[in-house]
Amino acid sequence: MSIGSQNTLNPHVVAWVNETAALCEPERIYWCDGSEEERAQLTEEAVRQGVLIELNQEKLPGCYLHRSHPNDVARVEACTYICTPTQKEAGPTNNWTAPDQMYDRLRQLSAGAMRGRTLYVVPYLMGPPGSPLARVGIELTDSLYVALSMRIMTRMGAVAYGELEDRADFNRGLHSMLDLNPERRYIVHFPQDNAIISLGSNYGGNVLLGKKCLALRIGSYLGRREGWMAEHMLILGVESPSGEKTYVAAAFPSACGKTNFAMMVPPKSFAGWKIWTIGDDIAWMSPGPDGHLHAINPEAGYFGVIPGTNFASNPNAIKTISRDTIFTNVALTPDGDVWWEGKDGTPPVQCIDWRGEPWTPKSPTPAAHPNSRFAAPMRNNPMLGVEIDDPAGVPISAIIFGGRRAATMPLVFQTFNWVHGVFTGATLGSETTAAAAGKVGQIRRDPMAMLPFCGYDMSDYFTHWLEMRRRLTRPPRIFHVNWFRKDAQNRFLWPGFGENMRVLKWIIDRCRGCATAVESPLGWIPDAETFDLEGLPNMSREQFAELQLIQPDEWRREILSHDELFLKLYARLPKELVFQRELLASRI
Ligand code: OXD
Ligand code: MN
């Protein structure tokens, strides 16, 4: 075994790398430093090995295509475990195995797993340097794709060792692709040890360990212990024409438009308004000395769903992915460009699909996988908020929950108070998407969009939310939105994308106490007579009222469907949520 140049003196890191190398037996250890030279060298190596395909560098400088194994294209919740010391701590919504048993099983699978391969030591920092919320992780991986993607998605390299100094409190993440056999696929969290082991996959959500594994599953566990929150939320700043900024965090389930919302361009009638992106997927939030909830984005890049991304739906994303981007599972055109369903322009006459097979517009399957992705550095975003590097984060005025619902849910409502807001988040329902393996389009309860990401018992998580209120003198107001309501002909009732600015404006005006609202059984809703529809073609006041309609029959069914989750959690569900449900039923 030859050792590359070790670039940290931290004895805990060195000991852990040696211990892992002794188990996995890599041929070589490569210590990443995050430099430009390293990026060039590792990229060249990835192209040589066929891990990355170089794209047309004139059109797409610094951009590459990666194809994952066709059996490995999404997060796999069935293979994801939270191995707390007791099953009770993981709760009924997580897979659990006793830690000793799971460590044994994974150790056996990892023994000699990196023979003939390189082990990359990837040090990374989640959050701005100097932030009390920031955390260091070290991922040991045998995937070059992971090493290069982590460089985009996190603050990777020397900066992490600088923050860690000689401490031992870093997240230990071990990843090996093994042979990509789904039978040997495990994404396992040991929150009490701040450790993750991911085997048998090379799909981003399962293997970029800073993201879902550390920033959400382990993060939520640490957050409860230490009095902060790790949430599946975008963060954005709304700037008014007079320069006033209001910050909002929003939780939507995977592939429901968080990236589009975080990068939104307001419509023409909102001249002078700007949306600044702070984060598109994850928020770490903690009470600040001013009594506000303050949020940082722990990530440094976007791992976005690409189908449907175009100049109309998300012009800032198109600019962001025009360079230094790794595309996964999109199609390749003959001139070295990429293609996906919903891209601007006409489909190519022929291309190579995401599996590497010839494709034409007549082919029966899509050219890009429905969960194809881009990994792009946030610094490419022309509307990146300057606050991104502020260790104190941004004060959050509104929290928005949203799901993908063809019926029942109105465009927007404001909850009556924090506890009602927690109930609304806890009962969030949404149609399943291609971001996770399994059936698409079925409504499931996805509390706070955290069902696949909560690193402990979901009832304790609700209690944590309720308790956070006591630590805030200026809590955010809580709202619910639904961009996806359809009419009887299955057409979307709301245009979405940039037009969502109208809803966002109502939300921030409510937070600032300067928008009217009408009381409804669900909460406060905009007055259909005064809501800003100016310049919105094809939207009459009657149509807007249809979007906001609350139908008692649908709502009776909706309340019954909360049982899908509540019965599972009933034994430990905070009583506040049970009472909120009663109140809602009586209002309906
Ligand atoms: C994601 C997801 O990749 O939520 O962000 O699946
Ligand atoms: Mn996500």
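A polar contact is a pair of N or O atoms within 3.5 Å; within protein, one must be able to donate a hydrogen and the other to accept it, and residues adjacent in sequence count only if both atoms are side-chain atoms. This is a predicted model, in which local features need pLDDT of at least 70 and side-chain atom pairs count only at pLDDT 80 or more, while totals for chains, interfaces and linings use all residues. Side-chain values use heavy atoms, with hydrogens and water left out, and residues are numbered from 1 along each chain as its sequence is written.

With that cut-off in mind, a polar side-chain atom of Arg 373 lies 2.8 Å from an oxygen atom of ligand 1, and Arg 75 likewise places a polar side-chain atom 2.8 Å from a ligand oxygen, whereas for an N or O atom in the side chain of Ser 254 the distance to an oxygen of ligand 1 is 2.5 Å. Taken alone, ligand 1 exposes 210 Å², of which the protein buries 96% (accessible areas by the Shrake-Rupley method with a 1.4 Å probe).

Turning to the sheet, an open arrangement of 5 strands runs in the order β3-β4-β19-β24-β18 with mixed pairing; strands are DSSP runs of E with at least two residues, numbered from the N terminus, and two of them pair if DSSP finds at least two bridges between them. Because β3 (53–54) and β18 (301–305) stand at the edges with a single partner strand each, one side of each is left without a neighbour in the sheet. Strand β4 (residues 64–66) pairs with strand β19 (residues 326–328) in the parallel sense over 3 bridges, and Tyr 64 has Ile 326 in β19 as its bridge partner.

Conventions
Chains are lettered from A and ligands numbered from 1 in the order in which they are written. Helices (H or I, at least four residues) and strands (E, at least two) are DSSP runs, numbered from the N terminus.
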